[in-house]
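Here is a short note on the charged pairs in this model. Please keep the view open as you read.

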Amino acid sequence: MRTVLTVPKSISKPIGAITVQGLLAAELAMDTSEIRAPWRAVLPTKEDFEESMPLMWHPSLQTLLPPESLSLLENQKKKLSVDWTTVSTAFPALTYDSYLYHWLTVSTRTFYYSSPKIKTKKPLSHDDCLAFIPFADCFNHADVGSKVTFSPSGYKICADRHIEKGEEIYISYGNHSNDFLLAEYGFILDENKWDEIALDEVILPLFSEEQKETLKEAGFFGNFVLDVATVCYRTQVALRLLCMVPNRWHQLVVDGLGDEDEYQVDVNNILLKGLKAFLKIVHDRHKQVEMLDCGNPCQRDTLSRRWKQIRLLVTTAINRVET
C-alpha cells in the first residue's frame, strides 16, 4: 500500500502542509523506482484521462455538464489549483501536465484508508483518507459488487456471488449517481440503480426570498433530487411551503409527512410544472451538445448519453405524477 506514511521525507518536507491527494500526486510524479515500474505500466494513460475526465475537456463541453457534475468539477479545479501552487513552489522543475496527470491518477484510483499510525494535528477529513492498493485498483465499478474491507495491515475483497471462469469481477465505489461517476471517475453506467439528478435549478426559483430563508432555517434549502423511483422527501416537504401558512408548515417539518395529505394534489401540480420546465432545459442542453464540434467524439457521446439518461428520468417522473 502507498499512503501518506510511505511518501519519502525528501518530498513531503519541502512541500509542507497539503492535501493527501496533492502529496501522493507529487510523490507519484517524481517516482522512478524500478520496484514500482510494473504497477506504473498498467496505470491509465494521459490520453485515457483526456478522453474520459471532464476536468480535461474543452470548456464548451464542461459548461454543458449536468449541475451535479459541474459543481464537482468546479470543486476539483479549486483543489487542484491549491495543490499545484503548493507543489510547484517546492519543486519548480515539475511540469503542470505531469502533475495534473498524476493528480487525476490519485483521484480515480485510490481507496479509502485510515490508520492510527497517521498522526496529524487534527483528524483527517474523509477526502484525505487515501491509499493506493496496486492490483486492487484494477477492479472496475458496478452499482453492486464484491465487498471491500480494510484493516491497518491491508485490504480484503470477497466475492458477493459465484464467479464464472473468465467473468469480470466488480467492486462498488459507492452508491453514486452517474453525474458523480462522470465527474469523479470519467464514466457513466447504462444501468445504475443509484442514479439521481438535482432539481434545484427549477425548484428553488419557485420560492420567494422570504420563503428561501424559511427553508434555510428549517434545513430544507436545496439538495432536491429525483431518482429512478421518486422525488426525494426534502422536495416533497419544501414544496408544501408554497401551499401552507408558515406556522403549519413548521409543524409539518416536526411531525413529518403522513399517509393522508390534503396538499398532495397541489404539490403534484407544482412539481409537474417544475419537471416540465426542467425537461425543456434538458432538451435545450442536449441539443447544444449535439451541435458542438469541439473536443473529441467520445467526449461528446458521453455527454450526450448522460443528457438522454436525464431526459428519461424526468419524462418517467412526469408520467408518474400525471397518473
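Is Asp179 buried or exposed? Asp179 is buried, with a relative accessible area of 2%. Buried means under 20% relative accessible area, exposed over 50%, and partly exposed in between (1.4 Å probe, protein chains only).

1. Basis. This is a predicted model, where local features need pLDDT of at least 70 and side-chain atom pairs count only at pLDDT 80 or more, while totals for chains, interfaces and linings use all residues. Residues are numbered from 1 along each chain as its sequence is written, and side-chain values use heavy atoms, with hydrogens and water left out.

2. The count. A salt bridge is a side-chain nitrogen of Lys or Arg within 4 Å of a carboxyl oxygen of Asp or Glu. That rule gives 19 salt bridges.

3. Asp179 pairs with Arg306 in a salt bridge, with the closest N and O atoms 2.7 Å apart. Arg306 sits in helix α14 (residues 297-322) and Asp179 in helix α8 (residues 178-185), so the bridge ties together parts 127 residues apart in sequence. Helices are DSSP runs (H or I, at least four residues), numbered from the N terminus. Arg306 is also buried, at 0% relative accessible area.

4. Lys212 bridges to Glu209 at 3.4 Å between the closest N and O atoms. Both lie in helix α10 (residues 209-218), 3 residues apart, about one turn of the helix. Lys212 is buried at 17%; Glu209 is exposed at 57%. In helix α14, Arg305 and Asp301 are 4 residues apart. Their salt bridge is 3.3 Å, N to O.

5. A network. Salt bridges link Arg2, Glu27, Asp31, Arg36 and Arg40.

Key: Helices (H or I, at least four residues) and strands (E, at least two) are DSSP runs, numbered from the N terminus.
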